[in-house]
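Open the model in a viewer and keep the selection panel at hand.

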Amino acid sequence: MTTATASDTRATSQPKDHFRFSGILGSEWTKLTTVRSTVWTLLATAVVGIGLGAIVTSAQASRWASRSLAAQATFDPTRSSLAGLLFAQLAIGVLGILVMSAEYSTGTIRATFAAVPRRPLVLVAKVVVFGVVTLVVGEIVSFVAFFIGQRILSGKAPSAALSDPGVLRAVLSGGLYLLALGLLALGLASIIRLTAAAISTFVGLLFILPIIADVLPSSLTSDIGRFLPANIGTVMMSAHYHGTDPFGPWTSFGLLCAYVVLTLLVGGVLLVRRDA
């Protein structure tokens, strides 16, 4: 009788779940901040995003006098200074992939799922932690690249200020673009699971598909190109909206978010149905 009572007491004293979401967030934060790959990929994001932006704006400033009147009329100093973000997306994408795929490659994903049987919560926690870090870093890189670029252009070519129409929105969009691409990469990794295959898919989506689209007939190039992430990023980070752009800046961002949500939903379903 005593033994049965003790067993019942132990059973009822245990929580129904062995975890809380705050604990899952803390675990994912520890995973993200205690590996070298996080430091190196975020550093690469900053160096590429700021450095290439400075190189592009320096080239624009040095050749300004020799440019045609048409080129000068369509020049967007904000987009020029943020050009490096279109390459920094590769570094942030690699980090997004590693956030998920590294656990599969080391086998620690089994321990994670043993501690958190509700697997979608693991994916949500990864999205939240990685998303916050990416957004903060992305916005810092975007603003620093903008200010350095405008300093380089000042006195040599037209420059922009945050108070100019569309400029603040474009600079903020730089960080939002990196956030979306990072989460898209995380979603791809939750589907593919293999690091090399996920990186190859991500690179193909960003850099190979635009090349393929360019060799298609002009009508198809326009129809396909408007939906590609790189072109979406260009529209988002442009202060001057042109009527020839297929989508406006916020519509483009909404389309990119749709890609992210779709990828994460598919990854979440497969996370539940497949073995670890």
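Which residues have the most contacts inside the largest nonpolar core? Select Leu181, Leu186, Phe202, Met236 and Leu256: these have the most contacts inside that core, which has 56 residues. Next, colour helix H9, residues 167-192; the largest share of this core, 15 residues, comes from that helix. Remember while looking that this is a predicted model.

Then select a separate, second core of 5 residues, which includes Trp64, Phe75, Leu153 and Ala157.

Go back to Phe202 and show its surroundings. Leaving aside neighbours within four places in sequence, Phe202 is in contact with Gln89, Leu90, Gly93 and Ile97, and also with Leu181, Ala185 and Leu188. Leu181 is also among the residues with the most contacts inside the largest core.

Now move to helix H6, residues 85-106, and select Ser101, which lies in it. Is Ser101 buried or exposed? Its relative accessible area is 0%, so Ser101 counts as buried. Show what Ser101 touches: Ala189, Arg193, Leu194 and Thr195, not counting residues up to four places away in sequence.

The last stop is Pro249, in helix H13, which covers residues 249-273. Pro249 has a relative accessibility of 13%; the cut-off for buried is under 20%, so Pro249 counts as buried. To finish, draw a distance from the C-alpha of Pro249 to the C-alpha of Gly26: the two are 35 Å apart in space and 223 residues apart in sequence.

Methods: Residues are numbered from 1 along each chain as its sequence is written. This is a predicted model: local features need pLDDT of at least 70, side-chain atom pairs count only at pLDDT 80 or more; totals for chains, interfaces and linings use all residues. Side-chain values use heavy atoms; hydrogens and water are left out. Helices (H or I, at least four residues) and strands (E, at least two) are DSSP runs, numbered from the N terminus. Buried means under 20% relative accessible area, exposed over 50%, partly exposed in between (1.4 Å probe, protein chains only). Contact means heavy atoms within 4.5 Å. A nonpolar core is a set of buried Ala, Val, Leu, Ile, Met, Phe, Trp, Tyr and Cys residues joined through side-chain atoms within 4.5 Å.
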